[in-house]
Protein chains: 2
Amino acid sequence: MNKKVPIEISARHIHLCQKDLETLFGRGYQLKKIRKLSQADDFAARETLDIKIGSKIIKRLRIVGPVRKETQIELSITDAVGLGINLPLRLSGNIKGTPGATLIKSKKKLKIKRGVIIAQRHLHCNPKEAKKLKLKNGMSVSIKIKGARALTFHNIK
Amino acid sequence: MNKKVPIEISARHIHLCQKDLETLFGRGYQLKKIRKLSQADDFAARETLDIKIGSKIIKRLRIVGPVRKETQIELSITDAVGLGINLPLRLSGNIKGTPGATLIKSKKKLKIKRGVIIAQRHLHCNPKEAKKLKLKNGMSVSIKIKGARALTFHNIK
């Protein structure tokens with residue numbers, strides 16, 4: 001089957017649950033939207049956090065809103081190399097057994113026990129699009145980028 | 001057909017012709033080998049050059065020996081972005097109509113009229129291996145890298 005889809009690279013970011021957001025920013029805090037992202041209701045928030053993983057710190061990691069059910073940090077393999085650790089390749093939300101981190105907002109610190117992942121390649125589609133593409137959740141697809149240096153990405157969930 | 005081959009990324013480098021080598025390093029100069037490379041008789045030389053392309057300079061570009069028929073500079077797309085120029089994707093040796101550069105060795109400078117390329121994906125194989133793989137010069141193949149983030153590279157010449 002041949003169907004064109006937009007391709008995107010997601011920069012490293014963090015999702016917060018409401019509880020962790022309030023611990024760091026105060027009771028009833030609401031994230032401030034600076035830019036809508038391409039997927040559903042996601043937005044880049046004005047707020048950022050420093051993240052300590054092992055002995056190293058990633059500064060000013062962008063928070064992506066709205067709040068999620070559980071706090072999750074999505075980094076790249078390049079970040080993992082820089083941190084000197086192995087990070088698991090996971091689909092968003094599947095964070096059982098993943099490493100934790102310390103979230104830092106000036107003097108406030110919050111340890112999370114798990115949630116640091118490298119996001120696995122994935123295809124976003126709403127139920128209507130999925131039906132049109134004859135795709136079901138959990139299926140794996142390949143996507144080819146054309147051009148002189150053409151590439152096919154496999155294992156896209 | 002399924003056949004395993006080693007995959008390598010070539011770092012940016014420069015090949016010099018004997019004439020340009022002697023202009024910069026002196027008459028009868030021989031490159032000093034610091035490390036054998038994987039392909040045929042290629043080696044990383046101790047000598048490096050600074051390269052000026054447009055208004056920007058790439059410092060300490062490694063020379064790869066032995067000398068070639070014509071001087072050629074092989075960079076990456078990332079280098080081209082850094083230089084702020086478009087560079088053509090070419091197979092080694094195919095440098096007609098490509099941009100030039102200035103080669104700098106302390107106070108000595110040498111302008112070359114052409115030879116700056118981004119190396120096109122290619123497969124090295126000697127005649128015996130080519131026969132075994134049923135490949136001929138000019139053919140194009142695809143190579144798949146296995147794993148959780150599997151990739152297929154196309155247009156490998």
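Q: How much area do chain A and chain B bury between them?
A: About 1400 Å², with 48% of it on carbon and sulfur atoms. Buried area is the accessible area (1.4 Å probe) that two parts lose on being put together, summed over both. Arg121(A), Arg149(A) and His154(A) supply 40% of what chain A buries against chain B, more than any other three residues. The model is predicted: local features need pLDDT of at least 70, side-chain atom pairs count only at pLDDT 80 or more, and totals for chains, interfaces and linings use all residues. Residues are numbered from 1 along each chain as its sequence is written, chains are lettered from A and ligands numbered from 1 in the order in which they are written, and side-chain values use heavy atoms, with hydrogens and water left out.

Q: Why is it said that the copies meet through the same surface?
A: Because 100% of the interface residues of chain A are also interface residues in chain B.

Q: What polar links are counted between chain A and chain B?
A: There are 15 residue pairs in polar contact, both at pLDDT 80 or more. The term means a pair of N or O atoms within 3.5 Å; within protein, one must be able to donate a hydrogen and the other to accept it, and residues adjacent in sequence count only if both atoms are side-chain atoms. Salt bridges between chain A and chain B number 0.

Q: Why are E11(A) and strand E11 of chain B called paired?
A: Pairing needs at least two bridges found by DSSP. These strands have 3, in the antiparallel sense, so they qualify. Strand E11 covers residues 151–156 of chain B; strands (E, at least two residues) and helices (H or I, at least four) are DSSP runs, numbered from the N terminus. Thr152(A) stands opposite Thr152(B).

Q: Why is the relation of chain A to chain B that of a two-fold axis?
A: A rotation of 180° with 0.0 Å of shift along its axis superposes chain A on chain B, RMSD 0.0 Å. That is why the relation is a two-fold one. In chain A, the C-alpha nearest the axis belongs to Thr152(A), 2.4 Å from it.

Q: What makes Asp79(B) and Arg12(B) a salt bridge?
A: The rule asks for a side-chain nitrogen of Lys or Arg within 4 Å of a carboxyl oxygen of Asp or Glu. Here the closest N and O atoms are 2.6 Å apart, so the pair passes.

Key: Copies are superposed by least squares on the C-alpha atoms of residues with pLDDT of at least 70 in both. Contact means heavy atoms within 4.5 Å.
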